[in-house]
Amino acid sequence: MSGAERILVTGATGNVGRLVVDELLAAGATAVRALTNDPAKAGLPDSVDVVEGYLGRLETMRAALEGVDVLYLAPLPRTVVEVAALAAKAGVRRIVDLSASGADAEAAGDREGWHYYAVEHAVEESGIAWTHLRPGEFMTNATMWAGQIRAGDVVRDAHAEASTAPIALVDIAAVAARALLDDRYVGAKLTMTGPEAITRAEMVVAIGAALGREVRYEELTHEQAVEEMKAVMGEYSAWYYEGMDELARHPMPVSLVVEDVTGNPGTPFATWAVENAGLFR
């Protein structure tokens, strides 16, 4: 696509959206519009066209979509049908949506899978050309242990041998930017992971190494972990640990999508841990 085509990034001050803005600018995009609830506090570069709005406030979306060619769509199922329809009416030609690896139709019966399936389905039904971004577990999920690591040298959790291939948010954003700038990914479901498989126990060791001390993993039962993590995860605690139980028996395969799309194999967990040690210190 031409660098002059206008790209709207929704959720532009969120964990992924903010990084998408940075990646677009670094790639040379010259017409980036950012949607945020509070432009005055957004802290976005002067070259970005910052507009006030939110996917959940549909009355703000018509103006935000005006003149937009390509849309980065943060996941908000409750308004996605209406937003996709407004995008089609505004003449948006492509949508790159943030989904998840569990968004396949066969997973739609699962509560979390349905959350993302609803987004993908609405985008496809809009008639606009689409790309679905399907990351697996975020590396930032490891911050669920931050309180325990700040307090001592033991992480108490279940399923120590559950093996995932967690992905750094910056790598999701890098893939998103390339999909926004290049129509070769139209119709693609980009399932992406980090560059390596790693167990939960190994993740804790890596965080300890980043902090310069030894942190060990103390195994809880599945039921104990579900109960203890309700304080952090609320109603999603049971769903999360069901997934961890599955990953202990069937490790997540590593995807090469990040490397294929960006030319970079992505961020290893140990590197992320060093870069984000302050979250645990």
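This is a predicted model: local features need pLDDT of at least 70, side-chain atom pairs count only at pLDDT 80 or more; totals for chains, interfaces and linings use all residues.
Visitor: Which residues of α1 are buried, and why do they line one face of the helix?
Guide: Buried here means under 20% relative accessible area. Seen down the axis of α1, the buried residues fall within an arc of 165°, so they line one face. Those residues are Gly17, Val20, Val21, Glu23 and Leu24.

Visitor: What covers the buried residues of α1?
Guide: Helix α1 lies across β1, β2 and β4, running at about 150° to β1. These strands are part of the cover, and a helix is too. The cover includes β1 (7-9), β2 (32-36), β4 (70-73) and α7 (169-181).

Visitor: Which are the edge strands of the open sheet?
Guide: The sheet has seven strands with parallel pairing, in the order β3-β2-β1-β4-β5-β6-β9. Its twist averages 20° from one strand to the next. An edge strand pairs on one side only, which picks out β3 (49-52) and β9 (189-192).

Visitor: What is the bridge partner of Ile95 in β6?
Guide: Strands β5 (residues 94-98) and β6 (residues 129-135) run parallel. Five bridges join them. In β6, Ile95 is partnered by Trp130.

Methods
Residues are numbered from 1 along each chain as its sequence is written. Side-chain values use heavy atoms; hydrogens and water are left out. Buried means under 20% relative accessible area, exposed over 50%, partly exposed in between (1.4 Å probe, protein chains only). Helices (H or I, at least four residues) and strands (E, at least two) are DSSP runs, numbered from the N terminus. The arc is that of the directions from the helix axis to the C-beta atoms. Contact means heavy atoms within 4.5 Å. Two strands pair if DSSP finds at least two bridges between them. Axes are lines fitted to C-alpha atoms, for helices over the stretch in contact, and angles run from 0 to 180 degrees between N-to-C directions.
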